[in-house]
Amino acid sequence: MKFDKARNFVKFLLALCLLFGLAGIITADKGLAFSVYFSLASMICFVVTFIVIALFCKCPYCGKVVYLGLFKATHCPKCRRNFETGVKKKGKR
């Protein structure tokens, strides 16, 4: 999976996590068993998000996993190459 697709998939999983969490909070007041299922689904989405980040959100050139700044990263923090073009970023670190 390419870096951009993995980043978009992480955004989707985090949105699902938030949606399931809110649904669990809303149904918790009514005493329904759905609140347990929604909170469990939220936790599963959260864990899957970190697995996707660890496996697929890597620099295609040096292999460093990008955790912090994942959503706004355009260059690898280690090798300083652009994720799309592969051109090294010029300037000082």
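These legends describe close-up views of a predicted model.

The model is predicted, so local features need pLDDT of at least 70 and side-chain atom pairs count only at pLDDT 80 or more, while totals for chains, interfaces and linings use all residues. Residues are numbered from 1 along each chain as its sequence is written, and side-chain values use heavy atoms, with hydrogens and water left out.

**View 1. Helices α1 and α2 pack against each other at about 165°.**
Helix α1 covers residues 3-28 and helix α2 covers residues 34-56. Helices here are DSSP runs (H or I, at least four residues), numbered from the N terminus; strands are E runs of at least two. The two axes lie 8 Å apart. Axes are lines fitted to C-alpha atoms, for helices over the stretch in contact, and angles run from 0 to 180 degrees between N-to-C directions. The angle makes α1 roughly antiparallel to α2. By the cut-offs, under 35 degrees is roughly parallel, over 145 roughly antiparallel, 65 to 115 roughly perpendicular, and the rest oblique. The crossing of α1 past α2 is left-handed. That term applies if the near helix is turned anticlockwise from the far one by less than a right angle; clockwise is right-handed. The contact of α1 with α2 has 19 nonpolar, six polar and no charged residues. Nonpolar covers Ala, Val, Leu, Ile, Met, Phe, Trp, Tyr, Cys and Pro; charged covers Asp, Glu, Lys and Arg; the others, Gly among them, are polar.

**View 2. Helix α1 and its buried residues.**
α1 has 26 residues. From first C-alpha to last it reaches 37 Å, close to the 38 Å expected at 1.5 Å a residue. The expected span is 1.5 Å times one less than the number of residues. Buried in α1 are Phe3, Ala6, Arg7, Val10, Leu13, Cys17, Ala23, Gly24 and Thr27. Buried means under 20% relative accessible area, exposed over 50%, and partly exposed in between (1.4 Å probe, protein chains only). What covers these residues includes α2.

Beyond four places in sequence, Arg7 is in contact with Cys57, Leu70, Phe71, Lys72 and Ala73. Contact means heavy atoms within 4.5 Å. Arg7 and Phe56 are 49 residues apart in sequence, yet their C-alpha atoms are 8.6 Å apart.

**View 3. Helix α2 and its buried residues.**
α2 has 23 residues. Its first and last C-alpha atoms are 32 Å apart, close to the 33 Å expected at 1.5 Å a residue. The buried residues are Ser35, Ser42, Cys45, Thr49, Val52 and Ile53. They pack against α1.

**View 4. Ser42 and Phe46 on helix α2.**
Ser42 is buried, with a relative accessible area of 12%. Setting aside residues up to four places away in sequence, Ser42 touches Cys17, Phe20 and Gly21. Phe46 has 41% relative accessibility and counts as partly exposed. With the same exclusion of residues up to four places away, Phe46 touches Leu14 and Cys17. The C-alpha atoms of Phe46 and Leu16 are separated by 8.8 Å, and the two residues are 30 apart along the chain.

**View 5. Met1, in the segment before α1.**
Met1 counts as exposed, at 54% relative accessibility. Not counting residues up to four places away in sequence, Met1 touches Ala6 and Phe56. Ala73 is 72 residues from Met1 along the chain, and their C-alpha atoms are separated by 17 Å.

**View 6. Asp29, in the loop between α1 and α2.**
Asp29 counts as exposed, at 72% relative accessibility. Asp29 and Gly63 are 34 residues apart in sequence. Their C-alpha atoms are 46 Å apart in space.

**View 7. Arg80, with a positive phi.**
Arg80 is found in the segment after α2. Its phi is about 60°, although Arg80 is not a glycine. Most residues other than glycine have a negative phi. Arg80 is buried, with a relative accessible area of 16%.
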